[in-house]
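Work through the exercises below with the sequence and model at hand. Each task is followed by its solution.

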Amino acid sequence: MAVETVTTDCAIAGGGPAGMMLGFLLARAGVDVVVMEKHADFFRDFRGDTIHPSTLEIMHELGLLDAFLKLPHQKVREIAGVIGDERITLADFTHLPTQCGFIAFIPQWDFLNFLAEHGKRYPGFHLRMQAEADGLLMDGDTITGVQAKTPEGLLEIQATLVVGADGRHSTLRALAGLEVEDFGAPMDVLWFRLSKRARDESETLGRFQAGRIFIMLNRGDYWQCAFVIPKGGFEALRAQGIEVFRKEIVALNPALSDRVGEIASWDEVKLLTVRVDRLKRWYRQGLLCIGDAAHAMSPIGGVGINLAVQDAVAAANILWEPLRQGRVAEDVLAKVQARRRLPVEMTQALQLFVQKRIISNVLGMTAQPRPPFVFTLLNRFPVLRRIPARLIGMGFRPEHVRTPEMPPSR
Ligand SMILES: Cc1cc2nc3c(=O)[nH]c(=O)nc-3n(C[C@H](O)[C@H](O)[C@H](O)COP(=O)(O)OP(=O)(O)OC[C@H]3O[C@@H](n4cnc5c(N)ncnc54)[C@H](O)[C@@H]3O)c2cc1C
């Protein structure tokens with residue numbers, strides 16, 4: 001088999017939000033980068049489309065916000081929930097101290113294509129599609145590069161640093177033997193689309209009823225729907241047949257009775273097996289993991305993409321200079337974990353709290369749930385809705401772009 005050998009400053013496995021943002025920022029700072037993505041394009045099943053105010057702020061700092069918001073999108077300024085019979089506005093993003101007081105719903109492939117297009121402006125940015133990282137190059141205990149399968153043959157990349165941004169099932173973190181702590185999740189999520197009609201309410205809404213949670217995200221001409229089920233419950237639901245599933249949806253939202261037939265079969269329904277985990281150590285000499293590869297997030301709050309982007313910004317801020325100098329010591333990699341550990345741990349702690357106290361309870365209920373007291377306060381004192389908006393929209397200790405725009409290093 002043909003072997004192609006490449007030398008670069010930074011080899012990134014994974015062209016998701018973390019890998020593409022890191023590749024973009026490093027190339028912009030004059031670092032030579034190869035981003036490997038195993039698929040031929042970014043156009044895949046729904047994987048979350050929520051671009052939060054913190055990520056929009058980064059786009060603003062990069063001077064790309066106006067161009068980015070020219071992409072077709074929906075703006076969500078508030079998030080509401082119906083708990084039992086009571087409607088509660090859970091978060092109001094309009095008061096955030098950011099350029100954008102809203103979440104932009106933009107298909108993830110549009111976001112990734114946008115970064116790829118803008119990355120091409122920099123000579124150090126090399127995106128290799130259909131390159132699947134499947135081996136590490138070692139010199140003793142030090143990782144010195146990565147090996148990937150491509151349609152043309154084997155690709156060997158010698159790199160000052162290898163970054164595992166290859167998602168929640170990361171190959172690189174497994175190959176590097178990094179230890180994962182699994183925090184568990186009580187639920188899985190079924191994703192599907194239903195068309196949107198002119199007379200529909202347009203807001204993004206979650207419904208919490210006895211034993212069921214159903215979320216509808218407004219995507220312009222369709223609803224992206226999330227149906228939350230107890231962990232491992234998909235096979236039992238499937239066995240009852242698609243008609244039973246359709247009836248459950250109508251019971252949660254009778255207005256959908258005219259279109260549940262659009263779910264023609266289980267092929268239209270995608271299962272997200274929810275995981276919450278975190279690496280104990282995100283690095284070893286020559287390798288760093290970021291994004292879902294370092295910490296898979298629960299879908300609560302829809303923060304996964306945004307935390308991946310925040311990791312990339314923090315990593316680029318810390319790494320661009322050592323990478324240009326051709327050496328990244330282990331203690332520099334430790335600084336990236338130290339910078340991101342607290343925001344990730346606090347976000348996961350909140351998600352685990354909601355999973356345990358709210359999701360598990362609602363999924364186990366046979367009677368209609370009532371809103372917890374703190375939620376009722378959000379209706380009585382609207383100013384309080386700014387707190388969840390800040391946690392979801394900006395997160396803990398938001399990052400800012402500190403990397404320069406520089407000519408390439410080689
Ligand atoms: C169904 C679903 C719905 C979600 N909804 C939301 C949401 O609404 N909001 C939100 O913020 N988050 C959501 N998420 C989570 C979000 O998608 C992730 O948290 C986020 O994409 C993490 O970014 P990442 O770059 O770390 O990893 P990923 O986005 O997983 O990207 C990893 C990339 O690496 C590639 N890859 C994997 N292995 C290799 C390899 N060996 N070599 C080369 N390439 C490789 C993959 O093809 C992928 O493109 C959802 C996830 C799923 C699955």
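**Exercise 1.** Which atom of the ligand is 3.2 Å from a polar backbone atom of Lys38?

*Solution.* It is a nitrogen atom of the ligand. The pair is a polar contact (N or O atoms within 3.5 Å). Next, take the oxygen atoms. One is 3.2 Å from a polar backbone atom of Pro17. For His39, a polar side-chain atom lies 3.0 Å from a ligand oxygen. Now the area: alone, the ligand exposes 990 Å², and the protein buries 90% of that (Shrake-Rupley method, 1.4 Å probe).

The model is predicted: local features need pLDDT of at least 70, side-chain atom pairs count only at pLDDT 80 or more, and totals for chains, interfaces and linings use all residues. Numbering starts from 1 along each chain as its sequence is written, and side-chain values use heavy atoms, without hydrogens and water.

**Exercise 2.** Describe the shell around the ligand.

*Solution.* Start with the 32 residues around the ligand (a heavy atom within 4 Å). Glu37, Arg47, Thr50, Asp292 and Gly302 come nearest. By class, the shell has 12 nonpolar, 13 polar and 7 charged residues, with Gly counted as polar.

**Exercise 3.** What is the strand order in the open sheet of 3 strands?

*Solution.* The order is β3-β7-β4, paired antiparallel. Strands are DSSP runs of E, at least two residues; pairing needs at least two bridges. β4 and β7 (103-105) share 3 bridges. Among the partners, Gln74 bridges to Phe105 in β7. β3 (50-51) and β4 (74-76) each have a single partner strand, so one side of each lacks a neighbour in the sheet.

Technical notes. Helix = DSSP H or I, 4+ residues; strand = E, 2+ residues; numbered from the N terminus. Polar contact = N/O pair within 3.5 Å; in protein donor to acceptor, adjacent residues only side chain to side chain.
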